Amino acid sequence: MKKYLKTIILLWISHSCFGQTAISEGDSLRQKGELDQAIIAYKTIYKKDQNNRENVYNLACAYALTFQRDSAYHYLNIALQNDSSLWALADTDLYALTQDPRWLNIETQQMEKFQKVNGKLKQPEYTKKLLHIIMKDQVLDYYIEQAKKFYSEQGYIPQWYYPLAYMKQKTAQDNYTDMEELIKTYGWPKYSNVGQLAADAPLLVINHHESDSIRKKYLPVIKKACLDGEGSCVEYAKIQDRILVNDNQPQIYGMQFRYNAERSLEPFPILEPEYVDQRRKKISLEPLKVYLKRKINYDWEVVQRK
């Protein structure tokens, strides 16, 4: 069990509420785990510029992470006034709000706005269920990130990480069961039926499952969806590489990472690394140098051949 739990901290890179390129003081505090101070920083910006929707949304996320639901809903409604995306319905930082009756209003309004801008979804109910799976799949990732930060700075995994990792494992198992039932009912989700964000749900669940047999089972349909333009090639590459890494084989896209002796993240060994960008280009992925710098601040220096 301990070996498996440690693997989680090495392989899982979370996606979070904060997606902007410029990191604000509030973002920095939030990433450090100082949520109360992050809230103060976001509110300071809000008092100066109430039209900064990104800051307001991040303020709502910080309140949700501290289970201050009334404040979270107040700022979330402000942030979503001109937002027609479905991102909030999948954002793990808002998970604490989903058991509140007010969440149904958020879900309904975002679905309506999204379809007004992008056209009617062929499977709207499926879309909502898949978005909830994405949210649940990553519900503990903020806290897992804090454990990774602790490990990087202190050199050992904190004891409070282990119950979180066990809960993460259990959530992944439950999500997989739910996902299988949804696929039986609705079929494999496609971009053209449920939208791009929702269609990624099974890929996240499969990638986070503890068993490689599950990843191998679904790899052909995941690859086909990628090549057909109906599924995420990024997630396909992650799953393909994870299978290879777990089989002690070199990865082919450079999507899986490990900690080195200096406790910094680096990619696992890559097959013929001088040709990795050629392989990535075939499935419309950006150059590995760009990807690694953005994801783990790693400088990839292998010269690429055409």
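This is a predicted model: local features need pLDDT of at least 70, side-chain atom pairs count only at pLDDT 80 or more; totals for chains, interfaces and linings use all residues.
User: Leaving aside neighbours within four places in sequence, which residues is Leu94 in contact with?
Analyst: With neighbours within four places in sequence left aside, its contacts are Tyr57, Ala60, Cys61, Ala64, Leu76, Ala88, Trp103 and Met135.

User: Is Asn297 buried or exposed?
Analyst: Asn297 is in the segment after helix H16 (288-296). Its phi is near 55°, a positive value in a residue other than glycine. Exposed means over 50% relative accessible area. Asn297 has 54%, so it counts as exposed.

User: Where does Phe67 lie?
Analyst: Phi of Phe67 is near 60°, which is positive although the residue is not glycine. Phe67 lies in the loop between H4 and helix H5 (69-79).

User: What radius of gyration does the protein chain have, and what does the globule rule give for 306 residues?
Analyst: The protein chain holds 16 helices and two strands. It is as compact as a globular protein of that length, because its radius of gyration is close to the value from the globule rule. The two values are 20 Å for the chain and 19 Å from the rule.

User: How far apart do the centres of the positive and negative side chains lie?
Analyst: The protein chain has 43 positive and 38 negative side chains. The centres of these two sets are separated by 2 Å.

How values were computed:
Residues are numbered from 1 along each chain as its sequence is written. Side-chain values use heavy atoms; hydrogens and water are left out. Contact means heavy atoms within 4.5 Å. Helices (H or I, at least four residues) and strands (E, at least two) are DSSP runs, numbered from the N terminus. Buried means under 20% relative accessible area, exposed over 50%, partly exposed in between (1.4 Å probe, protein chains only). The radius of gyration is taken over C-alpha atoms; the globule rule is 2.2 Å times the number of residues to the power 0.38. Lys and Arg count as positive and Asp and Glu as negative; His and the chain ends are not counted. The place of a charge is taken as NZ of Lys, CZ of Arg, CG of Asp or CD of Glu.
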